[in-house]
Amino acid sequence: MNLSDPYCGPAPLPADLWSRWVFDPVAALLIAVLFCGWLLIGRRDRVGHLALASALGLIAIAFFSPLCALTTALFSARVVHHVILISVIAPLLAIALPWRDGPLLPLAPLTILGALVVWIWHAPSAYEWAIYGTLPYWLMQVTLLGSSWFLWREVLSPLARAGGALIALTAFVGQMGLLGALLVFSPFPVYTPHLSTTAPYGLSALADQQLAGLLMWVPAMLPYLAVGLWLVLRLANGLPNTRRSGLAR
């Protein structure tokens, strides 16, 4: 890969997009590490098997399919990529690799950490640095996935208090919606790597950025809202909680 190209290669033209399947050795290593971790500490029932298979399959799609190449052309595709990581793969991994022993980690710091990671990597300068080169690219991916997995793992733990988990999800969704709104209502495009890559897809750089904000504002929130509804039902049913969550500490 040319040093001037993003990690996923140069921005493809629409006619070439479906030929841009790749084998990413780092993503393959990540899949292998997660599978080995599941063999050691994972949930071994039907739900655990399904969650793990779904998570690993989505990782393969995210990094081996043409979606990776499309992220170099469209910022909105990059946001879809990140949403898959933090809103779908992370909770699936939290189900497949749950917290088993020891006290729960405090939810408040985990929520703040997850929000900071999202905002840092979507700051224009950090974003531009991250998409060039193997190390910064994977630092972005691993920190997004890892911080979200920690948060989801505590939220979905049967030991967590439903009220504290609901507050954590609400706070995380709120900051993500704020970031999405800033992207939607920005009067100018802020991600310079995409200034010259969106036109073949019929979008201006600003329209692409606004689409990304809408994706972050609405569809990305659906998994959080679904789990939030489940937590509300837990509260309504008065299910017992044996541990205090981090936000209640």
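Predicted model: local features only at pLDDT ≥ 70, side-chain atom pairs only at ≥ 80, totals over all residues.
H3 itself covers residues 66–73, and eight of its eight residues are buried, a set that runs through Pro 66, Leu 67, Cys 68, Ala 69, Leu 70, Thr 71, Thr 72 and Ala 73.

From there I would like to turn to the aromatic rings, of which the structure holds 15 pairs. One of these joins Phe 63 and Tyr 137 in an edge-to-face arrangement, with 6.5 Å from centre to centre and 85° between the planes. This pair links distant parts of the chain, since Phe 63 belongs to helix H2 and Tyr 137 to helix H7, 74 residues apart. Phe 63 counts as buried because its relative accessibility is 1%, where the cut-off is under 20%, and Tyr 137, also at 1% relative accessibility, counts as buried.

A second pair, Trp 152 with Tyr 224, is tilted, at 4.8 Å centre to centre and 35° between the planes. Trp 152 lies in helix H7 and Tyr 224 in helix H10, so this pair ties together parts that are 72 residues apart in sequence; both Trp 152 and Tyr 224 are buried. Coming back to Phe 63 and Tyr 137, ring pairs link them with Tyr 7 and Trp 138 into a cluster.

Rings also meet charges here. The charged end of Arg 44 sits over the ring of Trp 38, 4.6 Å from its centre, while Arg 234 lies over the face of Trp 230, at 5.3 Å from the ring centre.

Now to the pockets. The largest has a volume of about 250 Å³ and is lined by 13 residues, with Arg 43, Pro 98, Leu 156, Ser 157 and Pro 158 lying nearest its centre. Helix H4 (75–96) and helix H10 (222–237) each supply at least two residues of that lining, which divides into nine nonpolar, one polar and three charged residues.

Terms used:
Residues numbered from 1 in each chain as written. Heavy atoms only, no water. 1 Å grid on protein atoms, 1.4 Å probe; cavity = no way out; pocket = protein on both sides within 12 Å on 5 of 7 lines; lining within 4 Å. Points joined across faces, edges and corners; volume = space filled by probe spheres on them. Helix = DSSP H or I, 4+ residues; strand = E, 2+ residues; numbered from the N terminus. Nonpolar A, V, L, I, M, F, W, Y, C, P; charged D, E, K, R; others polar. Buried < 20%, exposed > 50% of the residue type's maximum accessible area, 1.4 Å probe, protein only. Phe/Tyr/Trp six-rings, centres within 6.5 Å; stacked < 30°, edge-to-face > 60°. Lys NZ or Arg CZ within 6 Å of the ring centre and 35° of its normal.
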